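Open the model in your viewer and keep the selection tool at hand. We will go from one stop to the next, picking residues and looking at what surrounds them.

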Amino acid sequence: MHGYSGKILHIDLTARKTWVETKPEEWYKMYIGGVAMASRLAWENIESGCDPLSPGNVICIAGGLFAGTPVPVGGKYGMASKSPLTGFIGDSLSGSWLAVTLKRSEWDGIVIHGTSEDWVRVFVDDDRVTFHDASNLVGLNTYETEDAIRDEYGDDQIRTACIGPAGENLSRIANVSNDGRKAGRTGQGAVWGSKKLKALSIRGTKGVSVADPDALLQLSYDILQAAQGPHTQKYRILGTSSNVLNMNRLGLLPTRNYQQGTFEDAELVSGEYLHENYKAKTTACAQCPIACEQIGHVKEGPFAPAMGHIEYESLFALSSNCGVSDMEASIKAIVNCNDLGLDTMSTGVTISWAMESYEKGVFTKEDFKCEKYPEGFEARFGNGEAMVALTEMIAHRDGYMGDLLAEGTKRASARVDEERGTETYKWAMNIKGLELPGYDARALKTFSVGLAAGTRGGCHNRSAAYDPDIKGDVDRFTIDDTRGELAKSTEEYAAVYDTLPLCKFIRRCFTGKADRAGAWPAIAQLINAVTGWDFDYDAVDLIGERAHTIKKAFNIREGWTRADDYLPWRWHHEPMKEGASAGHVVTEEELEYLKDLYYEAKGWTKEGFIPKEKLIELGMDDVAEEIGV
Amino acid sequence: MPTSTSKYQYVACDPTKCVGCQICEYVCSQTKTGEFNTYRSRIRTVREHKILMTAVACRTCEDAPCVIACPRDALTQDKVTGIIHIDANRCDGCAWCIEACDFGAISINPATKLAEICNLCEDLEDGPQCVKWCPKEALALTTPDQRAQKARHKLVIEEVVKP
């Protein structure tokens with residue numbers, strides 16, 4: 001078998017033992033890698049119904065088919081567990097050298113079980129696994145942790161995934177960090193924290209061989225060359241934060257906790273402004289020839305020194321969404337999140353919920369007392385200093401507010417509404433508990449069902465249904481009976497990339513066209529050059545449907561029902577007043593109709609469950625037995 | 001104080017262009033060993049802190065210290081190209097050459113335990129594969145003279161012509 005070793009490494013933190021599981025080639029053909037393999041491992045290994053922060057949860061890491069080869073943007077891995085934020089599948093993806101070292105250590109995946117009594121770090125040194133006391137690392141931020149481990153071994157090719165203080169303190173919006181990149185969303189950092197696992201380091205010294213190296217090199221070279229052209233220009237020059245002004249123009253830029261879709265100071269928090277005033281360097285993820293990371297640097301003033309890569313999703317959440325027009329405060333808040341191990345998006349959207357609650361009189365200044373501000377502070381929209389302070393409070397669960405917000409918007413609002421008889425849930429901007437991305441779906445109606453039905457909650461990475469809306473393939477303000485099929489086809493398109501995994505920014509570089517006809521034949525060639533298989537267009541297309549189905553199956557087993565595919569209250573009831581998307585909501589009737597269409601397109605029942613025959617058709621007989629109807 | 005290079009060509013990296021993607025290492029190891037393995041690459045990327053990144057390969061020093069350091073005369077330098085050749089029959093992996101190299105450009109093969117170094121892909125028609133593949137044109141086959149020339153021209157364009 002090329003491209004795989006056929007071996008999954010199991011690590012039990014409770015008993016401090018390991019074992020090896022072998023998988024047949026057929027299994028790899030079904031689940032490939034990335035989010036699908038990680039989610040499948042979660043399906044196989046988790047104690048169903050467990051508390052996500054209990055020993056019954058598992059951390060499942062799955063390698064990438066192309067990791068460790070020159071296939072552009074293939075240096076990624078997937079990680080899955082039961083999310084402490086949503087209670088459903090938490091599946092993350094990260095561009096990282098960890099993926100490369102994992103491949104070279106000849107493990108296709110790693111499953112971490114149980115809970116350590118004391119803080120522990122694990123070192124996978126090719127085929128040897130050792131457990132180490134991590135008490136010296138507790139409290140260190142993510143960069144410091146990685147450096148400390150590399151320094152200890154004196155090998156700069158050792159790669160580490162770790163949590164920061166946020167994960168240690170079981171913040172449900174904590175993530176996992178590696179080489180400055182994040183396995184983000186869904187709070188998996190808290191799962192690591194609950195297992196007292198501070199870090200996982202891997203050294204892989206073995207070579208990666210593929211079935212047809214000449215073909216792989218030629219294909220890769222052509223893609224790499226295309227990736228220097230117009231298809232990736234947006235990413236290479238301004239990076240993702242160029243979206244700030246685009247979204248503002250479309251009236252979709254979440255502003256002041258999604259009360260508005262336009263921000264009067266959008267220019268001041270734009271990718272262009274960042275480029276002109278704060279850009280220090282452009283950098284790349286592992287084996288990426290695009291290089292979209294724009295490093296922002298604040299050299300002086302109250303927020304200096306701060307340096308880190310600034311992405312659109314981080315930027316909207318921690319600028320316009322908090323009403324903050326000070327780019328330096330935004331850079332500092334983003335860098336804080338990255339250092340402390342917090343998800344920037346969830347953190348920003350949780351802070352904006354607190355700011356709106358403060359402005360509406362739910363909270364007072366005293367509610368924001370913390371170590372640094374013993375009197376509390378005025379947490380109004382636009383207060384950059386408050387925003388930055390809150391990132392630190394959340395990571396350390398400092399004070400009443402830090403402890404509250406570390407739970408994410410859904411739990412925080414439920415707790416406050418119960419304690420104070422308020423209705424803050426109306427502006428708790430989450431789906432299934434996961435805070436929303438930087439696109440207002442009141443005026444992106446195909447996307448609204450993509451988000452509502454998303455298996456990991458409101459997520460723009462897993463559903464690409466904003467694409468036909470924004471491109472104008474459909475009228476984004478109205479609905480019609482094509483939207484269910486569109487939501488299905490765009491989410492399964494995304495799932496192919498997330499499973500291989502390949503970064504979606506390469507999607508136009510195969511043939512110039514990003515659609516299935518443009519990309520799937522080229523991706524099939526890449527798969528075949530690595531594995532020697534005979535994948536074709538249809539086989540590539542199936543990767544996406546299977547990937548999505550295993551995640552959905554996981555959710556059903558954890559108790560999912562149709563009511564879990566919801567939109568936040570605000571998007572049903574409060575139209576925006578200004579901008580190009582003013583006046584629109586997604587009514588409850590519209591959403592229910594869209595869900596009907598979507599479930600039908602997926603071949604599911606009206607209640608959103610998966611028929612046995614459908615699962616058997618996908619080759620997932622064992623899943624059919626457990627949750628098929 | 002690093003040893004100076006002189007008249008020979010070597011693969012240089014412009015750190016302002018390098019994005020740290022490591023593709024040079026995959027391609028090098030594949031070219032030299034038939035496997036993708038950065039531990040076997042003759043060029044190595046360095047990422048320090050959040051923005052410092054570059055790649056380093058043999059600088060083809062004149063009167064190369066690695067050659068002088070080798071106690072078994074396993075290393076020889078081509079008088080025309082400056083390329084260092086390692087005689088696998090003589091090398092015993094003692095690593096004196098590694099200690100002598102100021103650039104960290106020599107490594108020990110983890111399998112054979114013998115020294116390995118960049119040979120500018122002298123056997124390949126299209127030259128160093130890392131240069132060919134570098135997506136950001138950060139790598140170049142160049143000489144110190146050419147580097148100096150380039151720096152002078154860049155200076156003139158940026159400081160004199162542009163304003």
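Helices, as named on this tour, are DSSP runs of at least four residues, numbered from the N terminus. One thing to keep in mind is that this is a predicted model.

**Stop 1: a helix in chain B**

Select residues 23–33 of chain B, which form helix α1. Colour them in: they are Ile23(B), Cys24(B), Glu25(B), Tyr26(B), Val27(B), Cys28(B), Ser29(B) and Gln30(B). Now show what these buried residues pack against: α7 of chain A, along with β2 (44–48), β3 (52–56), α4 and β8 (139–142) of chain B. Next, click on Gly34(B), which follows α1(B) and has a positive phi, near 80°.

**Stop 2: where the chains touch**

Show both chains. Here 30 residues of chain A are in contact with 22 residues of chain B. On the chain A side, select α7 (213–226), β13 (279–283) and β15 (306–309), each of which supplies at least two of the touching residues. Colour that side by class and you will find 15 nonpolar, 12 polar and three charged residues. For the complex, the predictor gives an ipTM of 0.91 and a pTM of 0.96.

**Stop 3**

Move to chain A and select helix α13 (residues 344–359) and helix α14 (residues 384–396). Their axes come within 10 Å and cross at roughly 115°, which makes α13(A) roughly perpendicular to α14(A). The crossing is right-handed. Show the side chains of Thr347(A), Ile351(A) and Ala354(A) on α13(A), then Met387(A), Leu390(A), Thr391(A) and Ile394(A) on α14(A): these make the contact. Five of these residues are nonpolar, two are polar and none is charged.

**Stop 3**

**Stop 4: colour by confidence**

Finally, colour chain B by pLDDT, whose mean is 92, with 96% of residues at 70 or more. Where is confidence lowest in chain B? Select helix α5 (residues 144–161), with a mean of 86. The highest value belongs to helix α4 (residues 129–133), at 98.

Notes:
Residues are numbered from 1 along each chain as its sequence is written. Chains are lettered from A and ligands numbered from 1 in the order in which they are written. Two residues are in contact if their C-beta atoms, placed from the backbone, lie within 7 Å. Ala, Val, Leu, Ile, Met, Phe, Trp, Tyr, Cys and Pro count as nonpolar, Asp, Glu, Lys and Arg as charged, and the others, Gly among them, as polar. pLDDT is the predictor's confidence in each residue, from 0 to 100. Axes are lines fitted to C-alpha atoms, for helices over the stretch in contact, and angles run from 0 to 180 degrees between N-to-C directions. Angles under 35 degrees count as roughly parallel, over 145 as roughly antiparallel, 65 to 115 as roughly perpendicular and the rest as oblique. A crossing is left-handed if the near helix is turned anticlockwise from the far one by less than a right angle, and right-handed if clockwise. A residue is buried if 20 or more other C-beta atoms lie within 10 Å of its own, exposed if 12 or fewer, and partly exposed in between; C-beta atoms are placed from the backbone.
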